[in-house]
Amino acid sequence: MKTTSPPLAGVVGWPIGYSRSPALHGHWLKRYGIAGYYIPMDIAPQDFENGVRSLPRLGFRGINVTLPYKQTVLPLADKISDRAALIGAANTLIFREDGGIYADNTDGYGFIENLRQNAPGWSARNGPCLVLGAGGAARGIVSALITEGAPEIRIANRTRQRAEILKDQYGARINVIDWNRAADAMAGAMTIINTTSLGMAGQPELNISFAAAPGSAIATDIVYNPLVTPFLREAASAGLVTVDGLGMLLHQAVPGFRQWFDHSPEVDAALRQAVLAA
């Protein structure tokens, strides 16, 4: 009698204990009655390539990739999505039936869908965007904002050179702002985004005034621990609509789950609670 193995997926990092992805995908598997598994895996750098290449033979359909491997995983892929190539990093791998590895980056997708869900009426086309930070997270968000039609993206980073690199890559819609002028750059900005780690638990706060921001602007932070960062608290006190960073984590998981487990999952309040409780 032929048996069918349950679908397997997981997340790879070093270390992996902090990841909330197992709680996220585990909630969906249980909710939809899918007889599959999502497994967190610590893989040391010296074992990374061999470890990833062994997973398809063990029955895995794909994995998420987190720190420190989002960039180093790209050479392992046989095919890379346009957005992963543009960003220079991948967070989602799909193991194809022909043995190939497809690499994608869904961070920008998660960012956009979080705003669409939690700030009805939001559009990147509404006006200029201000991005604080120029690291890997900013790269994915800037790419997504350009795709969504943002007319102007202002980037302020503590090291101006890193912001200039993004301007060189993404072109004329990028304007680099000196870090000490970031608050002034809020004038006319309709979307204000913190992509830095400032405000995260254990990190210094991001102290910035929203006095110049339009009252109809939206502020969002990719940090979700704490859920309400000092940045979001200050934005709310200035009367802006705020969107926390947890939804970005939840939405970026949707494309991978759909591919691995053949089901389109829903991002809702029950999922948020399950992940926050993890």
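Q: Which backbone nitrogen does the side chain of Asn105 reach?
A: This is a predicted model: local features need pLDDT of at least 70, side-chain atom pairs count only at pLDDT 80 or more, and totals for chains, interfaces and linings use all residues. Residues are numbered from 1 along each chain as its sequence is written, and side-chain values use heavy atoms, with hydrogens and water left out. Asn105 sits in the loop between β6 (101-104) and α4. At 3.0 Å, its side chain reaches the backbone nitrogen of Asp107.

Q: Is Asn105 buried or exposed?
A: Buried means under 20% relative accessible area, exposed over 50%, partly exposed in between (1.4 Å probe, protein chains only). Asn105 has a relative accessible area of 3%, so Asn105 is buried.

Q: Which residues does Trp122 touch, not counting residues up to four places away in sequence?
A: Trp122 is one of the residues that touch the most other members of the 30-residue core. Contact means heavy atoms within 4.5 Å. Trp122 touches Ile112, Leu115, Arg116, Leu145, Thr191 and Ile218.

Q: What separates the C-alpha atoms of Gly26 and Pro120?
A: Gly26 lies in helix α1 (residues 21-31). Gly26 and Pro120 are 94 residues apart along the chain. Their C-alpha atoms are separated by 28 Å.

Terms used. A nonpolar core is a set of buried Ala, Val, Leu, Ile, Met, Phe, Trp, Tyr and Cys residues joined through side-chain atoms within 4.5 Å. Helices (H or I, at least four residues) and strands (E, at least two) are DSSP runs, numbered from the N terminus. A polar contact is a pair of N or O atoms within 3.5 Å; within protein, one must be able to donate a hydrogen and the other to accept it, and residues adjacent in sequence count only if both atoms are side-chain atoms.
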